[in-house]
Amino acid sequence: MIDILLTQPVPEAIDRQLLQLYRVHRLHEAADTAAFLAEHGGAIRAVVTGGAKGLPNAIMDRLPALQLIAISGIGTDAVDLVHAAERGVQVCTTPGVLTDDVADMALGLLIMTLRDLGTGERIVRAGQWGQVNQPLARRVSGIDLGIIGLGRVGHAIAQRAKAFGMSIHYTDHKVQPDSGYHYEADILSLARRCDVLVVAASADQGEALITTEVLQALGPQGYLINVARGRLVDEQALVKALQERVIAGAGLDVFVDEPNVPPALYDLDNVVLQPHRGSATAQTRLAMGEMVLENLKACFSGDPVPNAVQVRTPQYL
Ligand code: 8YV
């Protein structure tokens, strides 16, 4: 049997299939990572991991027989693709199946943030309806929406936004004239022009796109939504901008150092926080798991891995 390593749990139905086909090792259950890798590392031929979790080089280097890193997710930013390629290790993802869920999360966060649904819910639960004066919210329909990264997720967000009568603007590494959406060459001009910025870009380049300057350009009536990666935002600058009302609010599904969230955010009522749940539906996680199974099967049958990623290909979500 081929040995594989899981770095996090997978849906039960996928787990069952993995157990039938492979000898499964679970890094996330190991009390002592170093001892675990010393014992099993030599046999591991594939790693199944998440987009956010990836695989640090320090662990990759303890797996001499590794052939495949199967990401159950779309982000490749937590895997050193060059290092993997140099080692002859293939990397694959699960494109397409999580697009709708992540776009749904973006719209959910957008509506929750602008309409201040969290505050309303807290007031009702606390039995304070009629006693506390909740300020009027921001209208959602008809806003100017700025999408950063018009990839699969960006397009799915735009499609939903159209149903809300929003005007859609975007920036991307390439102009997409066929989209019919309004292109801005840079994030700063997008921020100046839009009511809401949604971050839907990949984080492969690593640098923060949302800086103090961008937040200032978004302005006191503007909102930020992030469903991509925490590190695409200068998190400290964002905390300050929310505290000082440089922007009106933010809806965040992702953070720089998950699961750690800057504690200052807990006290702010102009931010909605989610624990990286963009693709976390039973249906989608199952579909992602099935793609992982297909990728593993191809790899160990000597067939081309269907969702292998290429090194240094700029990708948007
Ligand atoms: C998941 C993600 O949270 O696709 C990604 O890159 O970050 C998310 O969909 C993650 O991959 C779950 O394993």
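Student: What relative accessible area makes arginine 245 partly exposed?

Tutor: This is a predicted model: local features need pLDDT of at least 70, side-chain atom pairs count only at pLDDT 80 or more, and totals for chains, interfaces and linings use all residues. Residues are numbered from 1 along each chain as its sequence is written, and side-chain values use heavy atoms, without hydrogens and water. Buried means under 20% relative accessible area, exposed over 50%, and partly exposed in between (1.4 Å probe, protein chains only). So arginine 245 counts as partly exposed, its relative accessible area being 44%.

Student: Which residue meets arginine 245 in a salt bridge?

Tutor: A salt bridge here needs a side-chain nitrogen of Lys or Arg within 4 Å of a carboxyl oxygen of Asp or Glu. With an N to O distance of 3.3 Å, the partner of arginine 245 is aspartate 269.

Student: Why are arginine 16 and glutamate 12 separated by about one helical turn?

Tutor: The two form a salt bridge, with the closest N and O atoms 3.6 Å apart. They sit about one helical turn apart because both belong to helix 1 (residues 12–21; a DSSP run of H or I, at least four residues), and their spacing in that helix is four residues.

Student: Which residue does arginine 231 meet in a salt bridge?

Tutor: Arg231 belongs to a salt-bridge network that also includes Arg229. At 3.5 Å, N to O, the side chain that arginine 231 meets is that of aspartate 77.

Note on methods. Helix = DSSP H or I, 4+ residues; strand = E, 2+ residues; numbered from the N terminus.
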